[in-house]
Amino acid sequence: MGWSLVMHHAVELFVSSAPGDQAIREELCARLAAFVDAGIVREAVPAAPPPDMRSRLRTADVIVVLVSPEGLKPGAIVESTLREGLVMERDKRAVVIPLRARSGAEEQAGLLSDRTIYPRDGRALDAAEDHEGIFREAIAGVLTGVTLCHVMVGDYLLEDEREAAAAASFQRGLAIAERLAGDTPDDQDHHSLVALTRDRYADALLAAGDGQGALVAYKEALVVRERLANDAPENITRRRALARCHESIGEVLRAMGEKPDALAAYRACLVLRQELADATFDDDARRDLYATYGRIGHVLRAMGDHRGALEAFRTGLGLAAALAAEQPDMATVQGDHALFCFRAATVLAEGTSAERLEARSLLRRALAIYRVLEERSLLTEAQAIWPPAVEAMLTTLGT
């Protein structure tokens, strides 16, 4: 697929450079001309910074900064552009891509200490050796920024419930990411970008009601996620992303009524999340783990396996209760504890008299948690529906 066939939805590009890096900037812009012609980016190439540079910056989608010792001095044009660009990025209004224009800049790049600077191997654009390869890497960095911009726009549209427009934006990003990965098949960053855009494209399809299309996209993302996780088994971020992909597949299959396949996907997710919780023991990993037990419990119950469902809910309840004991002021965690009490109780309520007695005990525990949250003004809007449900069930069982 040629670049000219990728899309015609240009992203506004802003390139900032120090006066001493003007020649590098001009070469970069000349190399970007093909992408301007293809309608992928919009970029004017003035001989000097235009008078309205600041207004152009504020309308930019992708901000490229050429970092060099001169450009990163406090108060320099690149340094001030970088500061403003990072604020825009934080507010999800732009994506910042730093390129290493000259060697010696990295040591001074305090604002970029946690960022990827292209070229990623530490070379600079002013190097004479492998000049073509270095600029190829820089262009890949810019196109990565363009891809992330489409993802950012897609996320905004999805949040605004404009699912079709969101899917189109994610699809534009995916087309670029796939081309980058195809050009550099051993580049794991580019494959990660493919997995990200496929995931988000699938999210949009699912939100639009296209379950089958979402399932295909999630499964395509899963192939990439599995390869990336296997290549770096110690990489927590990749394993979390792989677990989330299994979960997404399970959610689609469950919605489609494919319960056994959904259960298999959730169990694959569970294995990964148990490993992550054991390895990190952080709160997010522990919440993800018991949430997966909740999903498994729901599917088992829908399949008529009430014993299996109860076991899953009880396991989730134990995990949620342990975390809640450590986080007494965390409303979401306390709510999770109460919700698992309710889930287990709904299964126990259909059992023996002893189980029904246990169900009442769990419901009273849940209600007590919700009342404490309510008294402390910590009950969230999402949680507010549960106290009446708990009270109604207690009335049915007899308090």
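Helix α10 (residues 283–302) and helix α12 (residues 331–348) approach each other with their axes within 12 Å, crossing at roughly 20°. Because angles under 35 degrees count as roughly parallel, α10 and α12 are roughly parallel to each other. Please keep in mind that this is a predicted model.

**The α10 and α12 pair**

- The two helices, α10 and α12, cross in a left-handed sense.
- On the α10 side, the contact is made by Arg287, Tyr290, Gly294, His298 and Arg301.
- On the α12 side, the partners are Thr332, Val333, Asp336, Phe340, Arg343, Thr346 and Val347.
- Sorted by class, the residues of the contact of α10 with α12 come out as four nonpolar, four polar and four charged.

**The α8 and α9 pair**

- Helix α8 (residues 236–255) packs with helix α9 (residues 259–280) at an angle of about 155°, and their axes are 8 Å apart.
- Since angles over 145 degrees count as roughly antiparallel, α8 is roughly antiparallel to α9.
- The crossing of α8 and α9 is left-handed, and a left-handed crossing is also found for α10 and α12.
- In the contact of α8 with α9 there are 12 nonpolar, three polar and nine charged residues.

**Ala325, a residue to look at**

- You will find Ala325 in helix α11 (residues 306–326).
- Is Ala325 buried or exposed? With a relative accessible area of 64%, Ala325 is exposed, because the cut-off for that class is over 50%.
- Ala325 and His337 are 12 residues apart along the chain, and 9.4 Å separates their C-alpha atoms.

**The protein as a whole**

- In secondary structure, the protein has 14 helices and four strands.
- The C-alpha trace spans about 85 × 45 × 35 Å along its principal axes.
- Of the 399 residues in the protein, 50% are buried.
- Taking contacts between residues at least 6 apart in sequence, 65% join residues at least 24 apart.
- The protein has an accessible surface of about 18400 Å², and carbon and sulfur atoms account for 53% of that.

Terms used
Residues are numbered from 1 along each chain as its sequence is written. This is a predicted model: local features need pLDDT of at least 70, side-chain atom pairs count only at pLDDT 80 or more; totals for chains, interfaces and linings use all residues. Side-chain values use heavy atoms; hydrogens and water are left out. Axes are lines fitted to C-alpha atoms, for helices over the stretch in contact, and angles run from 0 to 180 degrees between N-to-C directions. Angles under 35 degrees count as roughly parallel, over 145 as roughly antiparallel, 65 to 115 as roughly perpendicular and the rest as oblique. A crossing is left-handed if the near helix is turned anticlockwise from the far one by less than a right angle, and right-handed if clockwise. Contact means heavy atoms within 4.5 Å. Ala, Val, Leu, Ile, Met, Phe, Trp, Tyr, Cys and Pro count as nonpolar, Asp, Glu, Lys and Arg as charged, and the others, Gly among them, as polar. Buried means under 20% relative accessible area, exposed over 50%, partly exposed in between (1.4 Å probe, protein chains only). Accessible areas come from the Shrake-Rupley method with a 1.4 Å probe; for residues, only the protein chains shown count as cover.
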